[in-house]
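Visitor: I'd like to learn how to read the places where chains meet. Could you walk me through it?
Guide: Gladly; let's look together.
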Amino acid sequence: MEFLGLYNYWVFAILLMTGLYAVISRANLVKKLIGMSIFQSAVFLLYISMDKVEGGTAPIIQANAPDQLYSNPLPQVLILTAIVVGIATLSLGLAIVVRISEAYGTIEENEMREMDEE
Amino acid sequence: MMELLLDIASWFLLIIGGAFVFIGGVGALRMPDFYTRMHAASLTDTLGTILVLTGIILQAGLTLATIKLVAIMVFLLLTSPTAAYALANAARLSGLAPERELSNEKRP
Amino acid sequence: MITLFGVFLLTLLVITAFGIVRAQHLFVSVMLTGIFSLQMAAIFFILDAADVALTEAAVGAGVATVLMLSALALTENRERPTRPRWVPVIVVSATTLMVIYATFDKPLLGDPDAPVHQHVAPWYLENTPRLIDVPNVVTAILASFRGYDTLGELFVIFTAGIGVLFLMANPSKPGAVSLFAATEAEGLRHHLVPRVVGRLLVPFIVLFGLYVQFHGDYGPGGGFQAGALISAGVILYALVDGEGKALEAISPRFLRGMIAGGALLYVGVGIAGMLLGGNFLDYSVLAQDSIAGQHLGILLVEAGVGLTVTGTLLTVFHSFAARDQQER
Amino acid sequence: MYIAATTAILITMSLALARALLGPTVFDRVLAVNMFGTKTVLLLSVIAFLYGRPDFLDLALAYALINFIGVLAVLKFVQDYRVRHGATDIEH
């Protein structure tokens, strides 16, 4: 069971690189944005994995249990805001893609490059 | 005595509910075409939800948690069939035909 | 046992991520992204982060899918098949192995002696009851101890909203085909079941959003989650009753006012603290005693966050939904 | 007993995920997403009790309220797609 203690971090590594793969190898702009959000989720997973304390619970203090252990609240604060910022930036990215699609008639990067070269 | 009866009842409901949920999953995976799969998934969704949540309610007793659980149950019972309706409608609108029925009619 | 559940969910998460990247059809990718978000929320919950899980739930279930779908409706929903390229595969695999190798030095999951748990976190956990006296430490840190951070994040959201308005606000060409929201300008009005149920649920969603907003000191919740939930409720209204009705209920001008007003409220609370003789964003001076001041400050700041988030998400939704597709 | 129910729900989740990945039509995937959503609500409620912190049911409540918005959006997407293109190449 000991080795499972690092499983979260391995999943973090795989997700991070899956997202990166979608960003660098796909020509489709929407796919790139989705890849970026997977990348982002991987980072969220890393931070939230670090907040866990064995035997702890969510950091909402229970007055009737003074000896209760709590998980680390700081990563939670950072990620909580980052999730909403993530959706805001994603929508900005999607808006740019929509405008590109209106200008070029395509959302494939290589087709756009061909059109620019003409 | 009452405690024990409640516990037994809630365990029973939880296990039966889990079984229904699982059957629904198998149905959604194994049924031959989209509409039958949806049938399996949406029906067991409703029953499994009722059973599992009732099982937990028996454990919770009369607290704020019970009110929240009842609210969850009511909302799920409202939204889950609505979602099934919307989905079947979307599939039908886009021209997806129930497979088996058609192939039977075509067969001489 | 719960660790095993977590491992199981994480494995599903990896499979889903591969599925998202592999799918040729962007619509399929978006649907799988929905599943991805559900799994993330469950994992956050298992890892004792109730606030984060609630945020992921509020954002992922309602707003994200709808935004992606409306963007797809304005572009294309099919990806051109690309040849598999080997350089990215090799680079990515090698980096994965290196990152995994690096994790062997990390403390195990849940280790209470890990360095992260030694520095500021114990101080926050110990002093929140004394200095701020709200049970939810996450809210206390978010709104009070690290108020600057949250102010920064809020302005990122503000800026993103302004950016979308700039990009999408140009008038569409005459004769263009109206789309997504504007099919017969009706929404789903002739589908009786979704309409009735949707209308029934909208007030409950908004009510629950307000509960999350104002109960955030005591349970999981706060301005970010509430903003996402309330905008999900209004988006539901727009879906079942048509774009026009939703715009009638909350006009675009009012939404823009919400975006700016929320940010101004946040900064205003900070400046009020300065005028009353404290530091910027120091709430202790806002009322007679410092704890009451903290409570008032957190309430106002969270309200500002809620206003800006709701305004931004709804503005973005309306910009996408009301946009006409240009002739190609 | 919570553990038995949790296990059943988790296995069902993986079955739903399999359906989402296999397809074959787009609607199968949407069905899987919807199933996954309902199962997540159940999972979160059961785990809240397994952890002994029933005050975290707010999360399950949030999902129960807003999870079907996605499916309604799909219905609308399909309806508009049909009006716009007259075609049905949305499946496959």
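Guide: Contact here means heavy atoms within 4.5 Å. Keep in mind that this is a predicted model.

Visitor: With that cut-off, how do chain A and chain B stand to each other, and how far apart are their closest C-alpha atoms?
Guide: No contact joins chain A and chain B; their closest C-alpha atoms are 16 Å apart.

Visitor: Which chains have the most contacts among the pairs that touch?
Guide: Chains A and C do, out of 5 touching pairs. On the chain C side 96 residues take part, and they meet 76 residues of chain A.

Visitor: How is the size of an interface often given?
Guide: Often as the accessible area lost when the parts come together. Between chain C and chain A about 8,000 Å² is buried, with 76% of that area from carbon and sulfur atoms. Of what chain C buries against chain A, C:Val21, C:Asp48 and C:Leu109 supply 9%, more than any other three residues.

Visitor: How many salt bridges does the rule find across the interface of chain C and chain A?
Guide: It finds 1. A salt bridge joins the side chains of A:Lys52 and C:Asp48, at 3.5 Å from N to O.

Visitor: Which element gives the largest share of the side of chain C that touches chain A?
Guide: Helix α3 of chain C, residues 50–74, with 12 residues. By class, that side of chain C holds 62 nonpolar, 18 polar and 16 charged residues.

How values were computed:
Residues are numbered from 1 along each chain as its sequence is written. Chains are lettered from A and ligands numbered from 1 in the order in which they are written. This is a predicted model: local features need pLDDT of at least 70, side-chain atom pairs count only at pLDDT 80 or more; totals for chains, interfaces and linings use all residues. Side-chain values use heavy atoms; hydrogens and water are left out. Buried area is the accessible area (1.4 Å probe) that two parts lose on being put together, summed over both. A salt bridge is a side-chain nitrogen of Lys or Arg within 4 Å of a carboxyl oxygen of Asp or Glu. Helices (H or I, at least four residues) and strands (E, at least two) are DSSP runs, numbered from the N terminus. Ala, Val, Leu, Ile, Met, Phe, Trp, Tyr, Cys and Pro count as nonpolar, Asp, Glu, Lys and Arg as charged, and the others, Gly among them, as polar.
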